[in-house]
Protein chains: 2
Amino acid sequence: MDIAHLFFIIVAILVSAKVGGELAERIGQPAVLGEMIAGVILGQSVLGVIPPHAEVLEVLAEIGVCILLFEIGLESDVKELLRVGVDSFLVAVVGVTMPFLFGYLVIHYWAYFWTIGEYSGHELTALAIFTGATLTATSVGITARVLSDLKKLSTSEAKIILGAAVFDDIIGLVILAVVSAMVVKIEAGENVASVLSFWFIAKSFIIAMGFIVVAVVLGLIFAKPLFDLVERMRVRGFLIVTAFSLALLVGALADVAGSAMIIGSFAAGLVLSRTNQFNVIEDRIKPVADILTPFFFVMVGAMVDVKIFNIYNPEMLEYLLIGLALLVIAIIGKMMSGFGIVKKGVKRLPVGVGMVPRGEVGLIFASVGLKSGLLTVPMYSCVTFVVMMSTFVTPPVLKVVFARVGGEGE
Amino acid sequence: MDIAHLFFIIVAILVSAKVGGELAERIGQPAVLGEMIAGVILGQSVLGVIPPHAEVLEVLAEIGVCILLFEIGLESDVKELLRVGVDSFLVAVVGVTMPFLFGYLVIHYWAYFWTIGEYSGHELTALAIFTGATLTATSVGITARVLSDLKKLSTSEAKIILGAAVFDDIIGLVILAVVSAMVVKIEAGENVASVLSFWFIAKSFIIAMGFIVVAVVLGLIFAKPLFDLVERMRVRGFLIVTAFSLALLVGALADVAGSAMIIGSFAAGLVLSRTNQFNVIEDRIKPVADILTPFFFVMVGAMVDVKIFNIYNPEMLEYLLIGLALLVIAIIGKMMSGFGIVKKGVKRLPVGVGMVPRGEVGLIFASVGLKSGLLTVPMYSCVTFVVMMSTFVTPPVLKVVFARVGGEGE
């Protein structure tokens, strides 16, 4: 592809992402939903503006998702998290376990009564685990926005939700690392049964947790002196280039260690949030993230095949029905997270509803699944549909629930 | 190439570029020289870290050079330029004409007495024109830095140099557009003779100038309302993404119009320098440019074959000698630009010396020549050597000259 043509595609991606994001925000939805829909429209199944297998765009999307996770890490305050305490943690654990379990069961029993494409045997078990995992991570952005609009951010419910969402992200990332490790083995032609073994899963879990812990500990030792040195450099942009490079470097190291790349980028962000140059880094990485992250969400959307929404095609109708079943359990599963609350006087329903939206991490799961071949295109479209819809239904419900039941201010 | 491997290469490029830039600045040289040398070291002829024909890295380098020219355009003030007036313009014209003429003659007469690789006939004429063109554009950054260190920025000489450098950039870009158009035709297998015709060159010149004028006029009409609208958007990063997209879009349009891509990006920058959001755009594009432009300079360096500096190889010695001859006339030619001064009481020598450093635009020429096949690898290495050395020799000479002869403050 010649460079001018590629530039036109890049401009189409960026402009439609921002316009889509803006339209979504105007109707009270998160911008990321609009960016994804822009991707669906530019993708192969609608306009076909984004060519299949464009290496450059895929790399830009990969860099984009790493910078996104780096930013999330940068904004997570480890100390603040520990302070929010046990309620948020329990809400997160229940909110991860239930959708995982329900997602697994839906796929398992669906295949018991009917069929799902060509899936069978161990591939089906792998699909069930993967689908369950995709439904685990809350994206709290939309909830935070709604609560802020309702001026309820200072309620106990809101604080628990915000804390739980961060724990949730970390647990979700670790699950992703485990699932990615499984996927890599399956891609390499390894027996699916061996990959589903307890030991393999335990090992992947330990690598992922271990990687975060080691990266954060080493980071806390070396980041400060490194960045104090960088600050003494005279050449323009040394600080931002170092931060950007660390995000990619630790990501690549996580990949080499057999974990997920974004785990590394997230750890790099966590570490840099404790440096003296934190404010400058946060400020300067913003425009870089603004330009790079839309590539990820647009590419996620572009890979969706809208044909599954054609209800007159019986083969596709099946996926739509699976999608609806998953959506129902995704919502109910997360609403049960309210039962994790120990503190007295806190309403469970508003917390549960606030945890429903899924987002970035769920989409990352789906794209890993598609790339590895574990998710077929219809199954991928089905899962991203669930992620999108869970976000879509939350704001109006949350408004009603918070207005009626919840929200004693502090 | 898998993504983790590519990430390691990207990190190597960014980190070595910044370290190289820092080292260069510490010894009083421009950072870009250090970035290029870092590229030479990472390139095929030394460490081989940068793989040949890596599409992703080439695209990042292209985006980088467009954002660089966008920034230069953003910082050029058209009104200020017209105010500096006739002296700067004449200095620029003389300073472009002389090196062009001398560069042409050196290649022409060299080939008359000896040989240059396999070049002959019309290819030789094309090479002579191209080499002359490469030597035209001053990079004033290093001069501005030295004058600032000497506290001579307020002298008439300094003002003339800074103004001339901007005219020089524009003239250089237009020459590049003309030469690029020639190169595209030659690549397409067209007869070199027809490409060297007066009409073809005149047409390319008119397209390039016309493109800048049309883009700037349309831009001045539409940019303000567009960016006032963009400012009302709520979604994060709309402004910076729009500015970035315009830089690539106008670049791609210039390419389609048969001109050079960077002409378009430069025009986009010129236009946005007149919007109300200019300060925000300038501030936010900085970190983006910090991350993207090193790719260009490192890739420029990576394409240099250090074997031409092996004086024991008679075949390569030839190129080294051509390089030295070009360097001498590149310096003398630019020093003659001082004769363009009309204003009385202004010293000619300091202005001439201040115009000697070549930089970004010269390197862009060289990389266009290499990609098109018009420059062979040894000839490319030879031309980039001249660009690098012209920058390298200037600061000490400039210090002596300004201290002795020049510099009545205003």
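Why does B:Glu360 count as buried? The first legend takes up this residue, and the later ones turn to other parts of the structure.

This is a predicted model, in which local features need pLDDT of at least 70 and side-chain atom pairs count only at pLDDT 80 or more, while totals for chains, interfaces and linings use all residues. Residues are numbered from 1 along each chain as its sequence is written, and chains are lettered from A and ligands numbered from 1 in the order in which they are written.

Figure 1. B:Glu360 counts as buried because it has 24 C-beta neighbours inside 10 Å; a residue is buried if 20 or more other C-beta atoms lie within 10 Å of its own, exposed if 12 or fewer, and partly exposed in between, with C-beta atoms placed from the backbone. Not counting residues up to four places away in sequence, B:Glu360 touches B:Val32, B:Leu68 and B:Ser139, a contact being a pair of residues whose C-beta atoms, placed from the backbone, lie within 7 Å. The C-alpha atoms of B:Glu360 and B:Glu62 are separated by 13 Å, and these two residues are 298 residues apart along the chain.

**Figure 2. Chain A as a whole.** Chain A has 17 helices and zero strands. Its radius of gyration is 21 Å, close to the 22 Å that the globule rule gives for 410 residues, so chain A is as compact as a globular protein of that length; the radius is taken over C-alpha atoms, and the rule is 2.2 Å times the number of residues to the power 0.38. The C-alpha trace of chain A spans about 65 × 60 × 50 Å along its principal axes, and 57% of the 410 residues of the chain count as buried. Among the contacts in chain A with a separation of 6 or more, 80% are between residues 24 or more positions apart.

**Figure 3. The contact between chain A and chain B.** Chain A can be laid on chain B with an RMSD of 0.1 Å by a turn of 180° and a shift of 0.0 Å along the axis, which is the relation of a two-fold axis; the copies are superposed by least squares on the C-alpha atoms of residues with pLDDT of at least 70 in both. The contact takes 40 residues from chain A and 40 residues from chain B. On the side of chain A that touches chain B, α1 (3–26), α3 (55–75), α11 (238–256) and α13 (278–302) each supply at least two residues, and the largest share, 13 residues, comes from α1(A). The residues of this side of chain A divide into 26 nonpolar, four polar and 10 charged, where Ala, Val, Leu, Ile, Met, Phe, Trp, Tyr, Cys and Pro count as nonpolar, Asp, Glu, Lys and Arg as charged, and the others, Gly among them, as polar. Because 100% of the interface residues of chain A are also interface residues in chain B, the copies meet through the same surface.

**Figure 4. Helix α12 of chain B and the residue B:Ile263.** α12(B) has 12 residues and reaches 17 Å from its first C-alpha to its last, close to the 16 Å expected at 1.5 Å a residue, the expected span being 1.5 Å times one less than the number of residues. The helix is mostly covered, with 12 of its 12 residues buried, including B:Met261, B:Ile263, B:Phe266 and B:Leu272. Of the 311 residues in the largest nonpolar core, A:Ile263 and B:Ile263 touch the most other members; such a core is a set of buried Ala, Val, Leu, Ile, Met, Phe, Trp, Tyr and Cys residues joined through C-beta atoms within 7 Å. Leaving aside neighbours within four places in sequence, B:Ile263 is in contact with B:Leu173, B:Ala177, B:Ala208, B:Phe211, B:Ile212 and B:Ala254.

**Figure 5. The loop residue B:Gln277.** B:Gln277 is placed in the loop between α12 (261–272) and α13 (278–302) of chain B, and with 19 C-beta neighbours inside 10 Å it counts as partly exposed. Leaving aside neighbours within four places in sequence, B:Gln277 is in contact with B:Phe227, B:Glu231 and B:Leu239.

**Figure 6. B:Leu326 in helix α14 of chain B.** B:Leu326, found in α14 (residues 314–335), is buried, with 28 other C-beta atoms within 10 Å. Its contacts, leaving aside neighbours within four places in sequence, are B:Gly103, B:Val106, B:Thr131, B:Leu135 and B:Val386.

Technical notes:
Two residues are in contact if their C-beta atoms, placed from the backbone, lie within 7 Å. Helices (H or I, at least four residues) and strands (E, at least two) are DSSP runs, numbered from the N terminus.
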